[in-house]
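Hi,

Here's the structure I promised to pass along.

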Amino acid sequence: MGISAAEFAARSFCADPAGLQHARHFARKVLDEWGLTAYIDDAVIVIGELIANAARHALQPDGHDETTATAWLGLVRRQQAVICAVADPSPCAPTLQHPEQLSESGRGLQIIEALSASWGCSQPQASGKMVWARVSTPPQS
């Protein structure tokens with residue numbers, strides 16, 4: 001379930017595997033509906049990294065709160081791009097890591113940087129932040 005309009009779609013998700021899978025499926029469906037099938041794979045990889053980073057760094061329970069933390073995935077269609085954004089409750093900005101060659105993690109932002117035209121983060125607040133990536137697409141007709 002999510003919110004969708006002609007050039008905007010959003011869906012909340014939580015850190016469990018089903019929540020992450022539903023967010024990726026939602027993104028794939030929206031991009032297909034927007035006629036961007038040739039760009040779905042790269043965009044869903046970028047989205048997968050954005051939501052995985054939120055799940056790992058912002059949605060993990062702290063042991064004091066029994067409620068399940070959620071984040072939002074938003075997609076906005078613009079001329080020659082789709083903006084993929086994840087708003088999460090962490091006030092910590094993401095940092096580009098440079099892991100050792102055999103490290104099993106730490107490459108999410110490198111993948112986002114490689115597959116998107118640009119990426120960034122809103123100014124973190126106590127209530128959280130938004131991390132976004134701009135995936136290039138053909139001009140809208």
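**How α2 and α3 pack**

Helices α2 and α3 are roughly antiparallel, because that label goes to angles over 145 degrees. The angle for α2 (residues 40–57) and α3 (residues 108–115) is about 150 degrees, and their axes lie 9 Å apart. Axes here are lines fitted to C-alpha atoms over the stretch in contact, with angles from 0 to 180 degrees between N-to-C directions.

A word on where this comes from: it's a predicted model, so local features need pLDDT of at least 70 and side-chain atom pairs count only at pLDDT 80 or more, while totals for chains, interfaces and linings use all residues. Residues are numbered from 1 along each chain as its sequence is written, and side-chain values use heavy atoms, leaving out hydrogens and water.

Back to the helix pair: on the α2 side, Asp-42, Ile-45, Val-46, Glu-49, Leu-50 and Asn-53 touch Gly-108, Leu-109, Ile-111, Ile-112 and Leu-115 of α3 (contact means heavy atoms within 4.5 Å). Sorted by class, that contact has 7 nonpolar, 2 polar and 2 charged residues, with Gly counted as polar and Asp and Glu as charged.

As for the whole protein chain, it has 3 helices and 6 strands (DSSP runs: H or I of at least four residues for helices, E of at least two for strands). Their order along the sequence is β-β-α-α-β-β-α-β-β. Of the 141 residues, 35% are buried, meaning under 20% relative accessible area with a 1.4 Å probe. Among contacts between residues at least 6 apart in sequence, 64% join residues at least 24 apart.

Cheers

Methods. Angles under 35 degrees count as roughly parallel, over 145 as roughly antiparallel, 65 to 115 as roughly perpendicular and the rest as oblique. Buried means under 20% relative accessible area, exposed over 50%, partly exposed in between (1.4 Å probe, protein chains only).
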